[in-house]
Amino acid sequence: MIKSLLLGAALGLAMTMPTQAAEPAPPPAFRVVPTTASLRPAIELGSGAGAEQWEAFVDQVSVRNVTGAALYPVLPPPGRRNGRAVIVVPGGGYRFVSIDSEGFRVAEALAADGYAAFVLKYRTVATARDIPAYLADTMKLFANLGKGELADHPPAVEDLATALAHVRSHAADWQVDPARIGVIGFSAGSRTAIRLIETSPEAAGRLNSIALLYPPMTQPVKSGPRPPLFLAIAADDPLFQQGKLTLLSGWLNESPKVEFHLYAGGSHGFGMRPNGNTSDLWIGQYLAWLRRH
């Protein structure tokens, strides 16, 4: 899905690039949007010197060149609080944070079900500030999806650990039980959650649950605790075709507390964007599972 959207934007870029212009025009699928910090209260987890870029791509908001992490609380309506919390870690190949489809929309569904949700905007790798150059570089990355391994990005893991510590230490402010906090990660966000388990077992050991949406499937989680796991991926996702059931089998060797959904279609990055496949049902299935843990 991400690769097809990037391809569409690249085609749009080629069609809109003037022959004599000093600077190429961005594709019509792309538009710059103001930072949502003024619309959604943010909890700053670190300071950064760079100016992050918020953009809408085919009406999906993302943010890149993030140098200072932040948490965006999305809280349940009055009378709906269940005393539990989930930190949402979007994907984006560490080049951007898919903060809408894999962030705010997920958090809103969680909040509607009674959970205090927190969207993590973690630090990303530096990308070209020029949109055409950024698109070209990102196209190369996603063209190789499932053909290699995404490089680790320790700052994102550090930001997740900081986010967990912050939510736990301020749990009373949101009427949350600090022993009932979970994490849901998407793609690179799921890789971040896996690395947290492996490198910060004390922090991860206190997780009430963990959900991995279309994670890297090539290798098992090497060490660390095994909280109850929800794992969902599509059979036509290059990451599933690359690693099949390797990650799942390794987890099952350590713990039977696993809910696994393999969808026939949906490709990579389906998030909260309906695509006409049964992968559209994942959020309801995740919430139903979460209520029992």
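Begin by selecting strand E4 together with strand E7 (residues 96-97), which run antiparallel and are joined by 2 bridges; two strands are taken to pair if DSSP finds at least two bridges between them, and strands (E, at least two residues) and helices (H or I, at least four) are DSSP runs numbered from the N terminus. This is a predicted model, in which local features need pLDDT of at least 70 and side-chain atom pairs count only at pLDDT 80 or more, while totals for chains, interfaces and linings use all residues. Residues are numbered from 1 along each chain as its sequence is written, and side-chain values use heavy atoms, with hydrogens and water left out.

In E4 (residues 60-64), 5 of the 5 residues are buried, meaning under 20% relative accessible area with a 1.4 Å probe and protein chains only. Gln60, Ser62 and Arg64 point one way from the strand, whereas Val61 and Val63 point the other way.

Next, select helix H9 (residues 282-290), where Trp282, Ile283, Tyr286, Leu287, Trp289 and Leu290 are buried. Seen down the axis of H9, these buried residues fall within an arc of 160°, so they line one face of the helix; the arc is that of the directions from the helix axis to the C-beta atoms. Their cover includes helix H2 (100-112) and strand E11 (229-234).

Finally, go to Asp237, in the loop between E11 and helix H7 (238-243), which counts as buried at 0% relative accessibility. Leaving aside residues up to four places away in sequence, Asp237 touches Tyr214, Ser267 and His268, contact meaning heavy atoms within 4.5 Å.

How values were computed. Buried means under 20% relative accessible area, exposed over 50%, partly exposed in between (1.4 Å probe, protein chains only).
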